[in-house]
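I opened the notebook to record what I looked up, residue by residue and then for the chain as a whole. Each entry keeps to what I could read off the coordinates.

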Amino acid sequence: MRTKEQLKQAAFAAIDAKKMEIAAFGDSIYREPELGYKEYKTADKIKKLFDELGYPYRDKVARTGVVADLKGKESKYKVAVMAELDAVVVPGHKDACAETGAAHACGHHCMMASLAGVAYALNGTGILEELCGDIVLMAVPAEEGVEIEFRNKLRESGEISFLGGKQEFIKLGIFDDIDFMIMQHIKKKDGTVEAEVASNCNGFVSKLVRYIGKEAHAGAAPHEGINALNAAILGLSAIHAQRETFRSEDYIRIHPIITKGGTLVNVVPDDVRIETYVRGANAAAILDASAKVDRALKSGGDAVGAATKITDIPGYMPFNFSEELIDVVYENLCALYGKEHVDRMGPGFGGGSTDAGDVSQLIPTVHMYIAGASGNLHTEEFAVADKESAYVTAAKALVASAIDLLYDKGETGESVKKHFKAQLTKERYLKEWGKL
Ligand SMILES: [Zn+2]
Ligand SMILES: [Zn+2]
C-alpha cells in the first residue's frame with residue numbers, strides 16, 4: 001500500500017502528463033460559453049471525456065448536469081468534486097458569444113478544466129483502488145443568476161424548482177449519499193496571495209411587495225380611497241420595529257426601496273411597490289427575519305385596508321463552514337503554493353453569494369479561490385493569465401484533498417464528518433427554502 005503522499009504524487013504526475021489535454025479542454029469550453037440550464041455543448045464535452053476514460057455517468061441531471069461515480073476500494077464515504085458549467089452575461093467581453101452575450105468572465109471553464117484534471121488523475125493510476133470511498137465528479141448547471149425570466153418559466157412548467165443548479169441537485173437527491181463536497185473558483189491575484197479558502201458568503205431572500213389600495217380624488221373624495229402609500233409607509237416602519245430583535249451575530253440586513261409610490265399627486269395611490277433583500281449569516285436567522293418582515297409589511301396593509309402581496313424569490317444560502325475540511329484543503333494549498341501565498345480566511349462576513357452555500361447547509365463543503373485571473377470577475381477585462389495555476393494546480397488541490405479524506409480507513413473524513421454541524425436537513429431545506 002502506498003503512502004498518502006505517494007498517492008498524491010502519482011495523481012500530480014498523471015495530471016502533469018495530461019497538461020496539454022487539460023488546457024485544450026478548458027480552452028474549448030471558454031470558446032463556447034453557454035448560459036445556465038442551456039449548457040448543452042459544455043455538457044457534451046465533459047461527457048466525451050468521461051466516455052474516453054471509461055467512466056460511467058448520469059447526464060441531463062437538472063437539464064444539463066453530468067455526474068460520474070468513480071468507485072473506490074470500498075464505498076465508505078463519497079467525495080463530490082464539483083465544477084460549474086455556465087458562463088455569465090458580459091456582452092462587451094472580447095470573447096463573448098455574439099448571440100447571447102455569454103462569456104466565461106467568471107472563469108467557470110477553469111473549474112471544468114480542473115475537473116478534467118481530476119478525471120485524468122484517477123484514470124489508470126490505481127489510486128481509487130487504494131481509497132476507502134468513492135469520488136463523484138459533478139458538472140453542475142446554472143450558478144450565475146442570469147435570465148431569471150427564462151428560469152422562472154422553467155419553474156412554472158415544473159421542469160425545475162430552483163433557479164440555481166446546486167439547489168436543484170439537492171432537490172433531485174444528488175447529494176443524498178455524498179459526504180463531502182469540494183470545489184474551487186478562480187480569483188484575481190491579490191498581492192502575493194495565490195490561493196485562499198473560506199471567505200464568507202451571506203445568504204439572502206429577495207422580496208417583491210405590492211400594496212393594492214383604491215384610487216380616489218385626493219382633494220375631493222379621499223374618504224372613498226384606500227391609500228396604498230400609507231400602507232407602505234406603515235409597513236416599512238413596522239420593519240424598523242423588528243430590528244432590536246435581530247442578534248448581532250446573525251448579521252441581518254434589510255434594505256428596502258420603494259420602486260413605485262403613486263401615479264399622480266391628485267390621486268390617492270392604489271398601487272405601491274417595494275423591493276427588498278433580507279440578508280443574513282445563517283439560514284435560520286434569514287428565515288426568522290423573513291417571517292418578521294412579512295408580518296410587518298402585512299400590518300401596513302391591514303391598518304388601512306389595503307391588500308398586501310409578497311412574492312419571495314429564494315436567493316442563495318450563507319456558507320456554513322467546516323473548519324476541519326478547511327484545514328484539509330488549506331494544507332494542500334500550502335504544499336502546492338507555499339504557506340506564505342495561501343490565505344486561510346475563516347468565517348467572516350460580507351462577500352458575494354453562491355449556491356455552494358446551500359450545499360454547505362447539509363454536508364461539509366469547501367470552496368477555494370485559486371489565482372490565475374487578470375481583471376475582475378464578471379467584467380470585460382477578465383482573462384486567465386495563469387493557466388498552470390487555474391487549470392492544473394487547481395486540479396491537484398482538488399484531488400489531493402479528496403485523497404486525504406478517503407485515505408486508508410478514512411480517518412480524516414470521519415473526523416470532518418464528526419465535527420460538522422449541518423444547519424438544515426434536506427427536508428427542512430426543501431420545505432422552508434423551497435416554499436419561498
Ligand atoms: Zn460569477
Ligand atoms: Zn463564478
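Predicted model: local features only at pLDDT ≥ 70, side-chain atom pairs only at ≥ 80, totals over all residues.

Entry 1, contacts of a histidine. I listed the partners of H109, leaving out residues up to four places away in sequence, and found that H109 touches G26, I29, Y30, H104, F382, V384 and Y391. I noted that H109 sits in helix 4, which covers residues 108–121, and that its relative accessible area is 1%, so I count H109 as buried, the cut-off being under 20%.

I next looked up S389, which is found in helix 11, residues 387–406, and which is buried with a relative accessible area of 3%. Setting aside neighbours within four places in sequence, I found S389 in contact with Y337, I370, A371 and A394.

Is K339 buried or exposed? I read a relative accessibility of 54% for K339, which therefore counts as exposed, since the cut-off for that class is over 50%. K339 lies in the loop between helix 9 (323–337) and strand 14 (342–344), and beyond its neighbours within four places in sequence I found K339 in contact with Y330 and C334. I then took the distance from K339 to D312, and although the two are 27 residues apart along the chain, their C-alpha atoms are separated by 44 Å.

I went through helix 6 (residues 165–172) and noted that the helix is mostly covered, with six of its eight residues buried. The buried ones are G165, K166, Q167, E168, F169 and I170. Just after helix 6 I came to G173, which takes a positive phi of about 85°. Further on, I placed D176 in the loop between helix 6 and strand 7 (180–188), and with a relative accessible area of 52% I recorded D176 as exposed. How far apart in space are D176 and K426? I found 8.3 Å from C-alpha to C-alpha, while the two residues are 250 residues apart in sequence.

A142 has a phi near 55°, which is a positive value in a residue other than glycine. I located A142 in the loop between strand 6 (134–140) and helix 5 (148–156), and at 0% relative accessibility I count A142 as buried. Y251, which is not a glycine either, has a positive phi of about 50°. I located Y251 in the loop between helix 7 (228–240) and strand 10 (253–254), and at 31% relative accessibility I recorded Y251 as partly exposed.

I checked the domain assignment, which gives domain 1 as 4–201 + 317–433 and domain 2 as 203–314. The contact between them takes twelve residues from domain 1 and 13 residues from domain 2. I also noted that 38 Å separate the centres of domain 1 and domain 2, taken over C-alpha atoms.

I counted 13 helices and 16 strands in the chain. Of the 436 residues, 57% count as buried, and among contacts between residues at least 6 apart in sequence, 79% join residues at least 24 apart.

I put the accessible surface of the chain at about 17800 Å², of which 51% belongs to carbon and sulfur atoms. Finally I compared the charges, and the mean positions of the 52 positive and 63 negative ones came out 3 Å apart.

Key. Residues numbered from 1 in each chain as written. Chains lettered and ligands numbered in written order. Heavy atoms only, no water. Helix = DSSP H or I, 4+ residues; strand = E, 2+ residues; numbered from the N terminus. Buried < 20%, exposed > 50% of the residue type's maximum accessible area, 1.4 Å probe, protein only. Contact = heavy atoms within 4.5 Å. Areas by Shrake-Rupley, 256 points an atom, 1.4 Å probe, with all protein chains shown as cover. Lys, Arg positive; Asp, Glu negative; His and termini not counted. Charge placed at Lys NZ, Arg CZ, Asp CG, Glu CD. Domains from an automatic or database assignment.
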